[in-house]
Amino acid sequence: MNGRISGQTVGWPNGAGGLLGYYGAVAVGLGAFLGVLQPDSTAELGKLDSILVWQARSAVVVALAVAALFLFQSSTGFSKLGPWLRILISGLAAALIFLPLDSAADLWLGLEGGEPDGESQGPSWQETLGAEAITVLVAVPLAWAVINAPWILRTSWQGMERVRAGAPAGTTPSVAEPDLPKGLDAEVIALEADLNYLKVHRASGSGIILHALERAIEDLGRAGIAGIRTHRSYWVAIAAIDEMKNDRVRLKNGLEIPVSRRKKTLVKAEIEKAGLT
């Protein structure tokens with residue numbers, strides 16, 4: 001999911017690089033913290049072993065949650081949900097996948113409490129697994145929401161972050177059209193879904209808003225701005241297209257947008273219909 005503008009790559013990894021780096025740092029920090037704290041089944045492990053176990057757990061949970069966001073974003077119903085609900089759903093999906101994996105790993109490593117024969121006075125292994133399931137299904141979505149809170153709140157407060165080559169910091173974005181939400185206007189030439197956020201490209205630069213791709217496409221369509229979805233994660237304005245070459249659409253400002261194999265014929269037909277070839 002890469003394009004080029006003024007000789008620089010936009011989109012993955014630059015578009016989401018900061019967010020993915022943040023997720024990675026959080027996973028490492030959380031794993032180290034829980035490893036030192038040694039809760040539950042790792043209480044009897046040495047510090048180093050405990051840290052390694054919790055590092056692995058944190059990395060897997062965060063990776064699963066990010067993957068869920070990425071996979072779900074192509075769904076029309078999911079993309080129309082609010083950001084907090086999208087985060088909670090992706091967190092719950094990660095918890096559901098993580099739970100059996102973690103339980104199997106704990107049993108293999110001998111970290112589960114209780115005795116299979118139920119003869120000990122402590123909780124049985126079934127009770128331990130049941131308690132762990134409740135904890136994971138509640139804790140993971142809530143933790144995922146907390147992890148994403150700084151990004152969601154920051155984007156909500158700032159509205160639109162403009163990135164202008166050579167422009168001074170604090171440049172004010174264009175005023176939105178009357179029928180468009182803040183961060184979208186008639187100057188938009190392309191949209192890029194970036195996990196839980198939306199990257200908005202203009203000829204003058206790019207920025208991130210807290211908006212779903214499906215909603216943005218509908219908003220721009222109602223405002224009379226014609227465009228086409230070239231990929232499950234990309235939309236481009238027809239008027240901004242310069243040419244189509246192989247699996248890419250080149251825009252008039254030099255930005256290149258990927259075209260998926262499924263949409264290649266449709267995109268080519270739309271471009272010819274608009275008389276751009």
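Let me start with a term: two strands count as paired if DSSP finds at least two bridges between them. With that in hand, please look at the model above, which is a predicted one, and at strands β7, residues 227-231, and β8, residues 234-237. These two strands pair in the antiparallel sense over four bridges, and a hairpin of two residues carries the chain from β7 to β8. Within that pairing, H231 has Y234 of β8 as its bridge partner. As for β7 itself, four of its five residues are buried, so the strand is largely enclosed by the rest of the structure.

The largest nonpolar core has 28 residues, and L191, W235 and L251 are the ones with the most contacts inside it. Two or more residues each come from β4 (188-194), β5 (197-202), α6 (213-222), β8, β10 (248-251) and α7 (264-273), with β4 giving the largest share, five residues. If residues up to four places away in sequence are left aside, the contacts of L191 include L198 and V200, L213, A216, I217 and L220, and also Y234 and W235. Apart from this core lies another, of 26 residues, with V26, A27, F78 and L99 among them.

Finally, the surface. Here L85, L88, I89, I134, V138 and L142 make a nonpolar patch of about 510 Å², to which helices α4 (83-109) and α5 (125-158) each give two or more residues.

Conventions
Residues numbered from 1 in each chain as written. Predicted model: local features only at pLDDT ≥ 70, side-chain atom pairs only at ≥ 80, totals over all residues. Heavy atoms only, no water. Buried < 20%, exposed > 50% of the residue type's maximum accessible area, 1.4 Å probe, protein only. Patch = residues over 30% accessible without salt bridge, like charges linked within 9 Å, V, L, I, M, F, W, Y side chains within 5 Å. Areas by Shrake-Rupley, 256 points an atom, 1.4 Å probe, with all protein chains shown as cover. Salt bridge = Lys/Arg side-chain N within 4 Å of Asp/Glu carboxyl O. Core = buried A, V, L, I, M, F, W, Y, C linked by side-chain atoms within 4.5 Å. Contact = heavy atoms within 4.5 Å.
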